[in-house]
Amino acid sequence: MAEISPVAYDSKIEGNIIFTQLDTAINWMRKNSLWPMPMGLACCAIELMAAGASRFDISRFGAEVMRFSPRQSDVMIVAGTVTYKMALAVKRIYDQMCEPKWVIAMGACASSGGMYRSYAVLQGIDQLLPVDVYISGCPPRPEALLEGLMRLQRKIETEPSLGDQKRELLKSLSA
Amino acid sequence: MIIADAVASIESKFSVSKKIEFRGETTLVVNRAEIHEIVQYAKKELGFNYLVDLSSVDNFGEEPRFEIVYELYAFDSGLHLRLKISVSEDELEAPSVTDLFSTANWHEREVYDMMGIKFPGHPDLRRILMWDGYPFFPLRKDFPLAGKASDMPDVAFSAAAPLAGGPFVTLPSTATTKDREPRSRE
């Protein structure tokens with residue numbers, strides 16, 4: 001009967017161990033299970049729905065769990081024209097989301113007001129929320145949304161998992 | 001019944017200051033104080049049982065400045081009738097017709113929201129598109145397209161939109177597309 005040495009190669013577990021940084025591991029888990037908060041406000045929401053349906057299939061990137069409760073969501077997809085009447089409601093929903101949280105401005109209207117240079121439309125949701133990814137298009141194709149989602153995943157990879165993403169919390173603790 | 005009979009019937013009972021026939025459409029310009037009675041008469045006696053639309057016009061620079069337009073339709077005879085009243089800036093109100101046509105409820109709210117014309121007798125005259133407390137009437141001609149800044153903390157805010165040299169408008173003409181294309185007319 002062979003003796004088991006603590007330094008010997010163990011084929012049973014060697015292939016299952018990965019050495020990495022904590023940040024990288026946390027970000028890897030986060031980026032592959034982004035739960036979107038679908039903030040559908042206009043026609044962009046139709047493309048957002050298409051991105052969630054089987055032909056384009058947003059679940060290939062781990063973001064299929066659309067939650068209609070901000071408290072369970074990670075990324076708010078602002079899809080559509082944000083009117084001034086709606087703007088503070090969007091802000092309020094964003095405020096109810098738990099850290100870490102991200103924002104995708106989907107389409108021309110959410111990014112800049114789009115064609116509505118008007119008294120009634122907020123000229124870009126970035127005036128109220130910190131936007132991570134802007135997606136051009138009027139409306140953008142579902143592929144564009146998926147590309148934006150992948151860009152966001154790449155952005156999440158590079159972020160310090162605690163320091164940056166808990167900025168609001170750390171600030172409130174130190175204050 | 002034909003439309004001429006209906007017009008003659010209204011003319012015999014109420015004062016009609018102007019009668020316009022254009023491409024088969026009949027427009028009667030009537031007295032603002034009598035509009036409720038005229039709409040009531042048209043509905044009860046002449047069979048105009050459907051208020052298609054109620055809207056307003058801002059003839060900025062003219063006096064009286066505003067017009068309110070009532071589009072009536074009779075389902076049985078298939079007749080259309082358009083009634084217009086003038087509203088001056090000094091007396092920004094017109095009698096409500098919500099007791100005759102429930103559909104006028106939201107139409108009158110929209111006229112109030114966009115033009116600032118009040119409707120005494122309306123059961124619930126609140127703004128319908130903009131929020132309560134918004135200080136302007138944005139469809140008036142002297143309101144800039146870009147909007148104006150306003151702020152109601154915790155309710156809503158608005159700011160002027162960047163127009164980059166605009167608004168770009170086209171002019172009605174028979175000139176070529178190149179000459180008609182939208183330009184800044186400021």
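Helices (H or I, at least four residues) and strands (E, at least two) are DSSP runs, numbered from the N terminus. The model on screen is predicted, so local features need pLDDT of at least 70 and side-chain atom pairs count only at pLDDT 80 or more, whereas totals for chains, interfaces and linings use all residues. Residues are numbered from 1 along each chain as its sequence is written, and chains are lettered from A, with ligands numbered from 1, in the order in which they are written.

Select chain A to begin. Six helices and four strands are found in chain A, and from the N terminus on they follow the pattern α-β-α-β-α-β-α-β-α-α. Of the 175 residues in chain A, 35% are buried, a residue being buried if 20 or more other C-beta atoms, placed from the backbone, lie within 10 Å of its own.

Next, show the strands of chain A. The four of them make an open sheet with parallel pairing, in the order β1-β2-β3-β4; two strands pair if DSSP finds at least two bridges between them. Because β1 (36-40) and β4 (133-135) of chain A each have a single partner strand, they stand at the edges, and one side of each is left without a neighbour in the sheet. From one strand to the next the twist averages 15°.

Now zoom in on residues 102-106 of chain A, which are strand β3, paired with β4(A) in the parallel sense over three bridges. Within this pair, I104(A) is placed opposite V133(A) of β4(A).

With both helices selected, the axes of α2(A) and α5(A) come within 8 Å and cross at roughly 75°. The two are therefore roughly perpendicular to each other, a term used for angles of 65 to 115 degrees. Their contact involves E47(A), L48(A), A50(A) and A51(A) from α2(A), together with P142(A), L145(A) and L146(A) from α5(A); residues are in contact if their C-beta atoms, placed from the backbone, lie within 7 Å.

Finally, display chain B beside chain A. The contact takes 13 residues from chain B and nine residues from chain A.

Technical notes: Axes fitted to C-alpha atoms, helices over the stretch in contact; angles between N-to-C directions. Contact = placed C-beta atoms within 7 Å. Buried ≥ 20, exposed ≤ 12 C-beta atoms within 10 Å, placed from the backbone. Parallel < 35°, antiparallel > 145°, perpendicular 65-115°, else oblique.
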